[in-house]
Amino acid sequence: MRSKIRSLITIIRLAGLAVAALGMWGFATIAEDVLEKESYAFDSSILLALRKLHTPLRDQIMLGFTFLGEPKLLLVICLILGIILLGRNHRSEAATIAFAGGGAIGLNLLLKKLFARDRPQLWEHIVNVTFYSFPSGHAMISMVIYGLLGYFLGARFPKQRWSIYGLTVVLIAAIGLSRLYLGVHWPTDVIAGYTAGLVWLITCIITLEIWKELRSLTTASKEEFLSQGNPRE
């Protein structure tokens with residue numbers, strides 16, 4: 001039974017690595033188009049189409065979704081979740097959420113400085129935006145933080161796992177769509193943010209699972225050693 005479980009874990013990890021590799025390939029493809037300015041027609045056509053859908057009610061809804069993707073809010077969520085996990089003695093999960101959040105924010109800032117892409121100016125923005133555009137921080141960081149939160153909740157509530165995963169995907173997608181609707185990001189910014197975030201999310205999850213398995217194997221080895229050293233009479 002244990003060998004079957006290990007084989008299953010290996011398959012899952014290989015699948016995760018394959019998805020991460022695909023995400024990196026997608027990010028590299030988008031980045032190349034951005035550097036060569038080949039994506040402008042594609043980007044602008046989508047934004048102008050979304051501009052026609054603007055209404056006061058939709059504006060408020062999209063402002064709400066974009067708030068849920070604010071990096072500062074996501075950082076607060078990381079801190080609260082980390083404290084809760086530490087309080088329940090889930091140190092590896094707490095370390096993972098801190099590592100994931102800090103890494104996502106740092107990596108996003110680095111990529112923005114590297115590409116230095118200006119934000120769209122197709123119409124007047126109703127939100128204040130600063131810094132560069134590519135890749136979208138809202139898309140990238142929400143993918144990592146909400147993705148990891150959904151992963152934790154799915155493990156905690158296995159019967160509702162797929163419902164949790166579905167709601168997580170909808171939330172992350174809505175945050176990215178809100179950035180396009182508000183005209184503060186190009187579509188390729190959001191797509192690149194998702195791909196980079198997915199790679200980092202998978203990396204963090206695989207690292208966590210490997211660490212948990214190594215710890216369980218170490219604990220099992222110690223218990224076996226102690227049982228052998230103290231045989232029953």
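**Reading the terms against the values**

Guide: Of the 233 residues in the chain, 41% are buried, a term for a relative accessible area under 20%, with over 50% called exposed and values in between partly exposed (1.4 Å probe, protein chains only). This is a predicted model, in which local features need pLDDT of at least 70 and side-chain atom pairs count only at pLDDT 80 or more, while totals for chains, interfaces and linings use all residues. Residues are numbered from 1 along each chain as its sequence is written, and side-chain values use heavy atoms, with hydrogens and water left out.

Visitor: What elements does the chain hold?

Guide: The chain has 8 helices and 0 strands. Helices are DSSP runs of H or I with at least four residues, strands are runs of E with at least two, and both are numbered from the N terminus.

Visitor: Why are α4 and α6 called roughly parallel?

Guide: The axes of α4 (residues 71–87) and α6 (residues 137–156) cross at roughly 25° and come within 10 Å. Angles under 35 degrees count as roughly parallel, over 145 as roughly antiparallel, 65 to 115 as roughly perpendicular and the rest as oblique. Therefore α4 and α6 are roughly parallel to each other.

Visitor: Which residues of α4 and α6 make the contact?

Guide: Contact means heavy atoms within 4.5 Å. From α4 come Pro71, Leu74, Ile77, Cys78, Leu81 and Leu85, and from α6 come His138, Ile141, Ser142, Ile145, Tyr146, Leu149 and Phe152. These residues divide into 11 nonpolar, 2 polar and no charged.

Visitor: Why is leucine 85 called buried?

Guide: Leucine 85 has a relative accessible area of 11%, and is therefore buried. This residue lies in helix α4. Leaving aside its neighbours within four places in sequence, leucine 85 is in contact with His90, Glu93, Ala94, Ile97 and Phe152. The C-alpha atoms of leucine 85 and alanine 95, which stand 10 residues apart along the chain, are separated by 9.1 Å.

Visitor: What makes asparagine 108 buried or exposed?

Guide: Asparagine 108 has a relative accessible area of 3%, so the residue is buried. Asparagine 108 belongs to helix α5 (residues 91–115). With its neighbours within four places in sequence left aside, asparagine 108 is in contact with Pro135, Ser136, Gly137 and Met140.

Visitor: How many of the contacts join residues at least 24 apart?

Guide: Among contacts in the chain between residues at least 6 apart in sequence, the share is 78%.

Conventions:
Axes are lines fitted to C-alpha atoms, for helices over the stretch in contact, and angles run from 0 to 180 degrees between N-to-C directions. Ala, Val, Leu, Ile, Met, Phe, Trp, Tyr, Cys and Pro count as nonpolar, Asp, Glu, Lys and Arg as charged, and the others, Gly among them, as polar.
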